[in-house]
Amino acid sequence: MMHSPLTPMPAIGDTILIVGHGSREDSGNQEIRDFTEQWRAQRPDWRIELCFIEFAPPEMNAALLAAARSSRRVLVVPLILNAAGHVKMEIPEAVEGARAACPNTEILLAPHLTACDPILAILKRRLRKAMNALDMPDPTTTGVVVLGRGSSDRGANGEMAKMTRWLQEEGDHELVDLAFTGITWPRLEKVVQRQVLLGMRQVVVLPYYLYTGTLMQRIGRQVEHLRSQYPQVRFFCGTHFGFEKEVFALMDERVDNLRAGVADSRLPCDGCSYRELAHEMGHGHSHAHTHDHGSAHAHEHPHPHPHEHAHEHDHAHAHGHDHGHEHHHDHGHDHAHEHGHAHPATEQPA
């Protein structure tokens, strides 16, 4: 049963709130809605709700506030592969706003899906499918390109680099490279050019995306251009991850760990002082601001920001524009993420 995020409900135990990124292409948003319905069917005893950071309703701040008002506890679970600005800055800000508005409700924030063995299993299965489609060519002459969205956040790009390396170490392909559709480098055409120069006769492109969107459409066009450019090379282009069993299992694990209070089951950036410092310097804000500390209304910011603020921190801030200083602070715990900013004219959400 679908629930409106603004409809008052009697106080219940737990509400599990999925946070999706949101896409300009509504087919991607619909896939996340379908995922939510499938997860509800698998977990009929859970109250599962959905919201989006941008581009699609229900909007995150309002949905989180509604869940906090109608539940004793809210478990916020990002359905997002890599942690860039939205995961590290905007979701924790929304959580803090809801905590301030509903101090009697416990709100816990889980990590994103992360670079992990279950996601690696999806990549390996997709690669096996590609090799079957190519009639099982020699892996030493078949290049592989893991293709992701790209971010100004080094930590998010680093998670993809780790997955790419793991995929190479667990297979027989000599060339397993990383490429990005935007924001950072290298791009797909440059990586394919290098692989062809090194003698690859087949190239497998594995998109590192959860759901479809404008960037998945762009990838399809790019691969068609490459087929024309390199007629002597056979190409296979995979699809986004979608409804793989590992994604459902990871979401189950996030909820179970939050409920059990497992160590490291909460997003490290939840309450992080580095994020607070960035906010004070004017670098942290969400796409829709909820200025609600006890009132019944969640106000959306009148000016939508169709760009990502990618903030990461590594005990020193590098903001993409020079402030003339760095901030060195001791957390008392290690986050291994750094602050970086995406240029608003170049970062394009899927």
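A residue counts as buried under 20% relative accessible area, as exposed over 50%, and as partly exposed in between, with a 1.4 Å probe and protein chains only. By this criterion, 57% of the 350 residues of the chain are buried. The model is predicted: local features need pLDDT of at least 70, side-chain atom pairs count only at pLDDT 80 or more, and totals for chains, interfaces and linings use all residues. Residues are numbered from 1 along each chain as its sequence is written, and side-chain values use heavy atoms, with hydrogens and water left out.

The chain holds nine helices and eight strands. Helices (H or I, at least four residues) and strands (E, at least two) are DSSP runs, numbered from the N terminus. Contact means heavy atoms within 4.5 Å. Of the contacts between residues at least 6 apart in sequence, 80% join residues at least 24 apart.

Nonpolar cores were examined next. Such a core is a set of buried Ala, Val, Leu, Ile, Met, Phe, Trp, Tyr and Cys residues joined through side-chain atoms within 4.5 Å. The largest has 48 residues; Trp39, Leu79, Ile119, Leu167 and Tyr208 have the most contacts inside it. Helix H4 (residues 117-133) supplies the largest share of this core, seven residues. A second, separate core has 24 residues, including Cys51, Leu64, Val76 and Cys102. In soluble globular proteins, nonpolar side chains tend to be buried together. Residues up to four places away in sequence aside, Trp39 touches Ile16, Ile18, Trp46, Ile48, Phe248, Met251, Asp252 and Val255.

Strand S5 (residues 142-148) contains Gly143. Seven of the seven residues of S5 are buried, so the strand is largely enclosed by the rest of the structure. Both faces are covered: Thr142, Val144, Val146 and Gly148 lie on one side, and Gly143, Val145 and Leu147 on the other. Gly143 itself has 0% relative accessibility. Beyond its neighbours within four places in sequence, Gly143 contacts Leu175, Gln195, Met200, Gln202, Val203 and Val204. The C-alpha atoms of Gly143 and Val176 are 6.1 Å apart, although 33 residues separate the two along the chain.

Two strands pair if DSSP finds at least two bridges between them. S5 runs parallel to strand S7 (residues 202-207), with six bridges. Within S7, Pro207 is the bridge partner of Leu147. S5 also pairs in the parallel sense with strand S6 (residues 176-180), over five bridges. Here Gly148 has Phe180 as its bridge partner. From S5 the chain crosses through helix H5 (residues 154-169) to S6 in a right-handed β-α-β crossover. Right-handed means that, with the strands pointing away from the viewer, the path from the first strand over the helix to the second runs clockwise.
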